[in-house]
Amino acid sequence: MAGWLVVWTRAGARPDAARWARSTRAAVRYGGTLREEQQGRSALAAWRRDGGEFPASGTLASAAGARVAWIGQCVDDGGDASADAIAVAAAEPFDADRAARLNGPFAAVVLRDQPFEARVLTDRHRHYPVYLYRGPELTVASTELRCLVPWLERAELEPDAVDMLLRCGELIDRQTLLRGVEMLPPGTLLRDAGQGSEDRRYWSMRSDAAAGPPSTPEQLAAALRRGVRRLEAVSPRLGITLSGGLDSRIILDLAAHPERVPSFTWGLPGCRDIVCATRYATLVGSPHTVRTWEPEAFVPLWSRGVDLTGGACGIDSMFMLPFVPLLASACDVVFNGLAGDVVLGGNWVQRAWLAESDAGRLGRQVWRWRVPEAQDRLVDRMTARATALPSAGERWAASIAARAGGRPVERLNDWLVENRIFRTTNCGTMLLRGGVESHAPFFDNDFVDLLVRVDHDRKFKHRLYLEVMNRAAPRAASVAWQRTNVSPARGYHANLAAMAFQRAAATACKPFGVTPFADLQVADLPGWLRGPWRKPVEGLILDQRFLQRGLVDADVVRETWQAHAGGVDHSRQISVLVALELFARLMLDEAPA
């Protein structure tokens, strides 16, 4: 995976050579070619694999009299626009409007020596994480969390982040699991001219349906098609991970040549994901590969997954891991349906949220939607959290309330995109990037700029999504949607009725221990934890090395594990506990992945 690393000192001394050597060794721990430059008070490095990277990603360049480290790819109607984007990042003075128009995933460092200036830039949505440590004498930034460890006086876990991750399986805002290390927000410029670093947002997603004329389904469909075609044109070895849902199929349908885009699906044998994806791939002529789970294959890969994601998710979010080599054998770049069901489908929108007038109250409602009260009580006991401290739920709600935008539901949507999508859901993309690159068409600038003017009421239960699909991708609409087992072509009311029927049937069968519509299930995480994963999980979360770290109460961990083995589902907490111990071994003990 391509990346970069930068260090600069405050007093003008050269960065420590031994720490720099440890840091660059960590950068290429999985192989790749590294280039580095050291000049005066700063050191800069970039690295990339020998294949499977964007053309300019993981390289050093010169622009506007500055040295630049770049990762990612920007595109426009003319093709790859990364060279122009590098020039925008380095331009003097910095032009926020031009930076906000850069279309695609990227992160950049810009260094000038006379006079000294350091810039770090994230893209509009933070497709790539950028980790930052501001020490008393130096500043370090990297796209790899592990590259920062040698610069810390002592690597320690951050208790608030551990607490948040155990409760909701996510980190928010600038949180990382390492004390003193933060993640830069999206659309951010960090600048240091020798007096210390400061950062500001040059762009922020702001949904506000009242801010202009509402976007139509026809406009959205056309913008999404343009975005897909642009990415298709610059990706010669292109593939797609294809589920039975709507996101990946509409992207594939909008491609000019879906028959040239191999598709890949995995899941439990006979599940709806596999059945629906296979039907659709056959319809459009995409060469299709299906794989079913081999649970034992995950275990030796967990450590690598924690490493690639910076510990930002539990092992329950690592379903991509065993299939990355398969993707890399056929593709350099994959289309990623990241968050289409959220930004277009309104997957988070609930009727009560639409009417809520207070953003703080809405934030508390969403916290309870995400974290049941019983899980809060469990983690209270597990972490022995001091009651005088703000709770994770309070921090979550306050962060949502502080968001600027239109109605509370619109501010919530933007917050969830910035946090949940580009923190937790994007962990799957970071796993992909261990072997291939990824483009997310639903975050094309033109599409997003139209989407923020759509009333969230129209998105409810995928109403708008189905309108767009039926106009833009009739082939995609003709095959059953795995969530409803009804084709999108039958429209909103038919699909809504199917979802309501399935929900009613599940509720009615629950007292009898019966699970209707078993083919909806894609994986069996609780069962794997009780079965093929049981011994390796016990070897991590019940190991004295973990229990003596002081992160969690050993008795509560044992109780939670025993309850799960007895049939109570504690998959989220157990998955995070596994990830925490692997993270501690990697970052604190500096064990190899």
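How many aromatic pairs does the count come to? In this predicted model, the count comes to 20 aromatic pairs, with ring centres within 6.5 Å as the rule for pairing. A pair of aromatic rings is described by two quantities, the distance of the centres and the angle of the planes.

One of the pairs is formed by Trp293 and Trp528. Their ring centres are 5.8 Å apart and their planes stand at 75°, so the pair is edge-to-face, given that angles over 60 degrees count as such. The two residues come from distant parts of the chain, 235 residues apart: Trp293 sits in the loop between β17 (288-292) and α8 (302-309), while Trp528 belongs to helix α21, residues 525-530. Trp293 and Trp528 are both buried.

Trp528 also pairs with Phe298. Here the centres are 6.0 Å apart and the planes are at 35°, so this pair is tilted. Phe298, too, lies in the loop between β17 and α8, and 230 residues separate Phe298 from Trp528 in helix α21, so to speak of this pair is again to speak of a link between distant parts of the chain. Phe298 is buried, as is Trp528. These residues belong to one aromatic cluster, made up of Trp266, Trp293, Phe298, Trp302, Phe319, Phe323, Trp528 and Trp533.

Val522 is placed in the loop between α20 (492-509) and α21. Is Val522 buried or partly exposed? Its relative accessibility is 27%, so Val522 counts as partly exposed. Beyond residues up to four places away in sequence, Val522 touches Trp266, Gly267, Leu268, Asp273 and Trp293. Of these, Trp266 and Trp293 are members of the aromatic cluster. Between Val522 and Glu590, 68 residues apart in sequence, the C-alpha to C-alpha distance is 35 Å.

Two other residues are found in helices. Glu418 is in helix α15, which covers residues 408-432. With a relative accessible area of 13%, Glu418 is buried, because the limit for that class is under 20%. Which residues are in contact with Glu418, leaving aside neighbours within four places in sequence? They are Arg126, Pro186, Arg201, Arg403 and Arg423.

His456 is located in helix α17, residues 456-459. His456 has a relative accessible area of 1% and is therefore buried. With neighbours within four places in sequence left aside, the contacts of His456 are Ser207, Val349, Leu354, Arg407, Val409, Glu410 and Asn413.

The chain as a whole comes last. The protein chain holds 25 helices and 19 strands. Its radius of gyration is 23 Å, close to the 25 Å from the globule rule for 593 residues, so the chain is as compact as a globular protein of that length. Along the principal axes, the C-alpha atoms fill a box of roughly 70 × 60 × 50 Å. Of the 593 residues, 60% count as buried. Among contacts between residues at least 6 apart in sequence, 72% join residues at least 24 apart. The chain exposes about 22,100 Å², and 51% of this comes from carbon and sulfur atoms. The chain has 72 positive and 68 negative charges, and their mean positions are 3 Å apart.

Technical notes:
Residues are numbered from 1 along each chain as its sequence is written. This is a predicted model: local features need pLDDT of at least 70, side-chain atom pairs count only at pLDDT 80 or more; totals for chains, interfaces and linings use all residues. Side-chain values use heavy atoms; hydrogens and water are left out. Helices (H or I, at least four residues) and strands (E, at least two) are DSSP runs, numbered from the N terminus. The radius of gyration is taken over C-alpha atoms; the globule rule is 2.2 Å times the number of residues to the power 0.38. Buried means under 20% relative accessible area, exposed over 50%, partly exposed in between (1.4 Å probe, protein chains only). Contact means heavy atoms within 4.5 Å. Accessible areas come from the Shrake-Rupley method with a 1.4 Å probe; for residues, only the protein chains shown count as cover. Lys and Arg count as positive and Asp and Glu as negative; His and the chain ends are not counted. The place of a charge is taken as NZ of Lys, CZ of Arg, CG of Asp or CD of Glu. Rings of Phe, Tyr and Trp (its six-membered ring) pair if their centres lie within 6.5 Å; planes under 30 degrees apart count as stacked, over 60 as edge-to-face and the rest as tilted.
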